[in-house]
Amino acid sequence: MRSRVYVGAACATLVALLAPDAARAQAGGNLGLLNPNLATAEQLAGVPGLDGDGVAAITDARPFLRMSDLHAVVAEHVPAEGHEAVYRAMFVPIDLNDVTDEEILLIPGMGNRMLHEFEEYRPYVALAQFHREIGKYVDDDELARLAQYVYVRIDLNTASEEAILSIPGVGGRMQHEFEEYRPYTSMAQFRREIGKYVDEDEVERLARYVEIR
């Protein structure tokens, strides 16, 4: 598990500026994009260009902790010219602060100019920052489309209920468990406590969305 430190002096100032927005959801709103870690086999079978073998390969390999992991499987079953159609239907959300150029470029419609803009504003401390900065270059509809591919990790000790519930696959019961064990002092504590309720693979999937600041 990669650990990242986002908050230096400059970031602390940015956090203060974003305080009114920081309680909002930190994963982009979903407009119908399937999460391959959560989708049923029946849902995956409806992804354009994905045959039965591809569906089976995806369900066998999950959870995917990075988009590059999913792409490696898709590339074995779908020709390169079909990848964009697949990723318009299905994608592993990417951490805006921990993602490669290659993963960003897998977002349909993404080119080098927008790749540069995604990277220009790092580190992101809230999804509201992404909306504000990327919204300078695209209209509201395109911004909403792009936002469903990305997220910013939440702080386990301060995240709002809404922010926790924005994590794909988290419902009311798990949101309660996230809050039950505050304050968290380490990611090991998070893994230990949440591991009481879900298996190790699911703990690692959830851990991709959280941090301790």
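## A helix pair and its surroundings

Mentor: Let's start with H8 and H9, which are oblique to each other (the class left over when angles under 35 degrees are roughly parallel, over 145 roughly antiparallel and 65 to 115 roughly perpendicular). Helices here are DSSP runs of H or I, at least four residues, numbered from the N terminus. Bear in mind that this is a predicted model, where local features need pLDDT of at least 70 and side-chain atom pairs pLDDT 80 or more, while totals for chains, interfaces and linings use all residues. Residues are numbered from 1 along each chain as its sequence is written, and side-chain values use heavy atoms, without hydrogens or water.

The axes of H8 and H9 come within 10 Å and cross at roughly 140° (lines fitted to C-alpha atoms over the stretch in contact, with angles from 0 to 180 degrees between N-to-C directions). Their crossing is right-handed (the near helix is turned clockwise from the far one by less than a right angle). On the H8 side, Phe130, His131 and Ile134 make the contact, and H9 brings Leu143, Leu146 and Ala147 (contact: heavy atoms within 4.5 Å). By class, five of these residues are nonpolar, one is polar and none is charged (nonpolar: Ala, Val, Leu, Ile, Met, Phe, Trp, Tyr, Cys and Pro; charged: Asp, Glu, Lys and Arg; polar: the others, Gly among them).

Now look at Phe130 itself. Beyond its neighbours within four places in sequence, Phe130 is in contact with Leu96, Phe118, Tyr124, Gly135, Leu143, Leu146, Ala147 and Val150.

Step back, and the pair joins a wider picture. Phe130 and Ile134, along with Leu70, Met90, Phe91 and Phe118, touch the most other members of the largest nonpolar core, which has 43 residues (buried Ala, Val, Leu, Ile, Met, Phe, Trp, Tyr and Cys joined through side-chain atoms within 4.5 Å; buried means under 20% relative accessible area, exposed over 50%, partly exposed in between, with a 1.4 Å probe and protein chains only). Helices H3 (52-61), H4 (67-77), H5 (83-89), H7 (112-120), H8 (127-134) and H9 (140-147) each supply at least two residues of this core. H4 gives the most, with four residues. Apart from this, a second, separate core of 20 residues includes Leu156, Val170, Tyr181 and Met187.
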